[in-house]
2 protein chains.
Amino acid sequence: MIDQSTICAISTPPGMGAIAVIRLSGDKAIEIADKVFRSPKQGKNLKDQKANTLHFGAINDGEEILDEVVVAVFRSPHSFTGEDIVEISCHGATYIQQQILQLLIKNGARMALPGEFTQRAFLNGKMDLSQAEAVADLIASQSEAARKVALQQMRGGFSNELINLRNELLQFITLVELELDFSEEDVEFADRSQLKEIVDKISEMLKKLVNSFSLGNAIKNGIPVAIVGHTNAGKSTLLNTLLNEDRAIVSEIHGTTRDVIEDTLSIDGVMFRFIDTAGIRTTTDEIENLGIERTYSKLKNASVVLLMLDVNDPDEKIHSAIEDVKKRMDDNNQKLIVVINKIDLLDEKEVEKRFNRQEFRELTGTDTIVPISAKHNKNIEKLTTELLKTVNISALDNNEVIVTNARHYEALKNSYDAIKRVSLGLDTGISGDLLAQDIREVLHYLGEITGTISTDEVLGNIFKNFCIGK
Amino acid sequence: MIDQSTICAISTPPGMGAIAVIRLSGDKAIEIADKVFRSPKQGKNLKDQKANTLHFGAINDGEEILDEVVVAVFRSPHSFTGEDIVEISCHGATYIQQQILQLLIKNGARMALPGEFTQRAFLNGKMDLSQAEAVADLIASQSEAARKVALQQMRGGFSNELINLRNELLQFITLVELELDFSEEDVEFADRSQLKEIVDKISEMLKKLVNSFSLGNAIKNGIPVAIVGHTNAGKSTLLNTLLNEDRAIVSEIHGTTRDVIEDTLSIDGVMFRFIDTAGIRTTTDEIENLGIERTYSKLKNASVVLLMLDVNDPDEKIHSAIEDVKKRMDDNNQKLIVVINKIDLLDEKEVEKRFNRQEFRELTGTDTIVPISAKHNKNIEKLTTELLKTVNISALDNNEVIVTNARHYEALKNSYDAIKRVSLGLDTGISGDLLAQDIREVLHYLGEITGTISTDEVLGNIFKNFCIGK
């Protein structure tokens, strides 16, 4: 199954830097490196060097010296890929990186495909598939939460949970299949009530994992927060204040924002993706109307809706705006935060008096009302605290297993559907062979996640999204 | 003189990649690394590890694992800086790179200044100043020629030449200064005619080095080639053909190019910087006229002027265009290549007959006439051969020392002026003390290049242009 060729790639980020690292992995990694590496010590070869050692020297193309480098030697099986690896640290000119890469290819290596080093690590049993996928997530992580979840998955936290689930089921199916061998005798080796207990437990765990995806996905890609409201409520000003930069154009003219403007901000290690939308109003401006349509669609896809209102709006206007937005929020999981802007225009006590009343809360039908001044940076921290509350941070802090990968989510959902059929089968007392079939299905989907069961197509799809050099 | 703090920086190019390398150098490099590094082998510390070894483990911030890494340990004095160095290869997310860097700073390292690692290598005697400067040139090299010259300089080729020159002078001045001690006795220990020989030899070598700068500078920054000519002669088409991409907008309308368009192309490892200019014609278009003014100024600064003419132009027009351009080329070192474009419009033999005549060469007053078709990619190779001929490639191939650095050029020019005064002094028989003073000046300027003589200001200016992490 494993391609035996020796692969090479630049593993450091593209572009110029102080140094760059070119990685070579495969049976012939050390042999190829020896063809181009010259130590200042006469007669010194990499093939005679111990594993995990560093060597200064020059990369030579025939008599021509290409660069002075430091070479790291790793030996199979104690390397990232499980194969022999040579890493060449050269001077970071892109020209030099390319020349060395070409020289390695000339000497028998071939250019690595995206993710091929990690794929080999998987194929050589250095990690399971979900761990390999976490490597890519770790590299792409842009926030504390994303890094944490990916690292936990790469270190096997997620796999362990799945392997435990799978083992419990394997014991179960062994007994059920034993019954089938003795089917004429009508015996039951597997105690049905005990089995029901295990199935319920697994079902509960799968459900938790499936449900963790909405958080996991949000952590990975940033939690989408739509900022909506009437024109001129100060939505763009809020975006700029949150990002601490002039991201969106702000003016006193109604309908300044037409395009949807997106930007991300990490709050306490959790990434939020803020979406500033066109203000909602009736207008004949065609472009603005297109913008307003987009506002409604962004609202539907957001995890959190920040409804911005003007402190000068009468109660009825605030009320109807909230009703309008609530009508358009069709998902139960969406959270609404009502923001009352421009409180700097009024006396602080007056604001407190008006919005901190039970009647107002009832009127608006929401608990979360945050009076702020976007322009004067007032109460913004209160708002970010409310935003953090919408995320189940405790799950993160307790190192709970969180699903972040859409492929895992699909497989887990399929497992969950199958285990529910098992549960139903037990309730209705279906035959052992049908029961076994459903359990086999659960095992199959769980196996897909860790790569116990995999196809070239699945592997191809996973690793093509990696960066080259990993 | 050396700051004792331990410094750290990301040494790989900025951005996301498979891996990134964070470098730590100084007395406490290993101690600081040990504070944050945990090996899976219980109780294993970096401080107990041999030089030039690699170690797998995790970077920890307290109980929190930041990333899994491979750490390289180098020990003083056998390292790049001459100090203890730890290099941490982490996953290439920019977020992770930043977190690890911050953690190192929290544990007692400080952020390195640009070029500070190389500066320490210089201050610790691992390389002289001109070698240190070559490190930056090597990293910035974008062509084979630039890489070659920088590598030769980094490996000490340039310094050796200077040290030899300086040693010959040192012998000389010892004798002259001895004379001064015995000045009342009017003796001459230094044989003046022998000394004159040495001074002439040194003067000759300095002159050669000073003159090599125009080639060296061109290699480093690309040889500027101005493409000039009448409107619609096909200048932008030629640029696009040379670059093999649609870089400049091409149309049949006279005066399409107004801005000066620049792009570089490496021909046989030598970088040329092509400058497409606005066509020269009398026009009332103000923007175009500004463009034409720029054409004239680019022409003056170019090393090579490519004058593009239309094969349909009558001999007189070609003649006057060449005369016009020659008038504006005020530097003797500028080379002119006359390019006759659009030869696809005529019969090949006819073209050959017209332009390969002695009369035509005399008429145009140049040897280098290249008939081409930019549009049909005809004779372009002939043109690039002519371009290469304008460069003294043999100097490169013979590994001659070439000055590429403006600072070295200044110092060499000052040495050359001083040695000429020495030579004149010998001819006119000036007193030994004045002679000694001029020789001291030569020694001073040569010493500045290798850093035998240096000031904090000079060092600061040199290293501030380095990238961080080197």
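Visitor: How many salt bridges does the rule find across the interface of chain B and chain A?
Guide: First, this is a predicted model, in which local features need pLDDT of at least 70, side-chain atom pairs count only at pLDDT 80 or more, and totals for chains, interfaces and linings use all residues; side-chain values use heavy atoms, with hydrogens and water left out. Residues are numbered from 1 along each chain as its sequence is written, while chains are lettered from A and ligands numbered from 1 in the order in which they are written. A salt bridge is a side-chain nitrogen of Lys or Arg within 4 Å of a carboxyl oxygen of Asp or Glu. Across the interface of chain B and chain A, the rule finds six.

Visitor: Which residue of chain B does A:Arg155 form a salt bridge with?
Guide: Look for the closest N and O atoms of the pair, which are 2.8 Å apart. The partner of A:Arg155 is B:Glu68.

Visitor: Which element gives the most to the side of chain B that touches chain A?
Guide: Helices (H or I, at least four residues) and strands (E, at least two) are DSSP runs, numbered from the N terminus. β2, β4, β5, α2, α4 and α5 of chain B each supply at least two residues of that side. The top contributor, with nine residues, is β5(B).

Visitor: How many residues of chain B are in contact with chain A?
Guide: Contact means heavy atoms within 4.5 Å. On the chain A end, 47 residues take part, and the number for chain B is 47.

Visitor: Why do the copies meet through the same surface?
Guide: You can compare which residues each chain brings to the interface. The copies meet through the same surface because the share of chain B's interface residues that are also interface residues in chain A is 100%.

Visitor: What kind of axis relates the two chains?
Guide: Superposing by least squares on the C-alpha atoms of residues with pLDDT of at least 70 in both, chain B can be laid on chain A with an RMSD of 0.1 Å by a turn of 180 degrees and a shift of 0.1 Å along the axis. That is the relation of an axis that is two-fold.

Visitor: Which residue of chain B comes closest to the rotation axis?
Guide: Go by the C-alpha, which lies 2.1 Å from the axis. The residue is B:Thr53.

Visitor: How many residues of α8 in chain B are buried?
Guide: Buried means under 20% relative accessible area (1.4 Å probe, protein chains only). Among the buried ones are B:Lys235 and B:Leu239, and the buried residues pack against β8, β9, β10, β11 and α13 of chain B. The helix is largely enclosed by the rest of the structure, because the buried count, out of nine residues, is nine.

Definitions and conventions:
Buried < 20%, exposed > 50% of the residue type's maximum accessible area, 1.4 Å probe, protein only.
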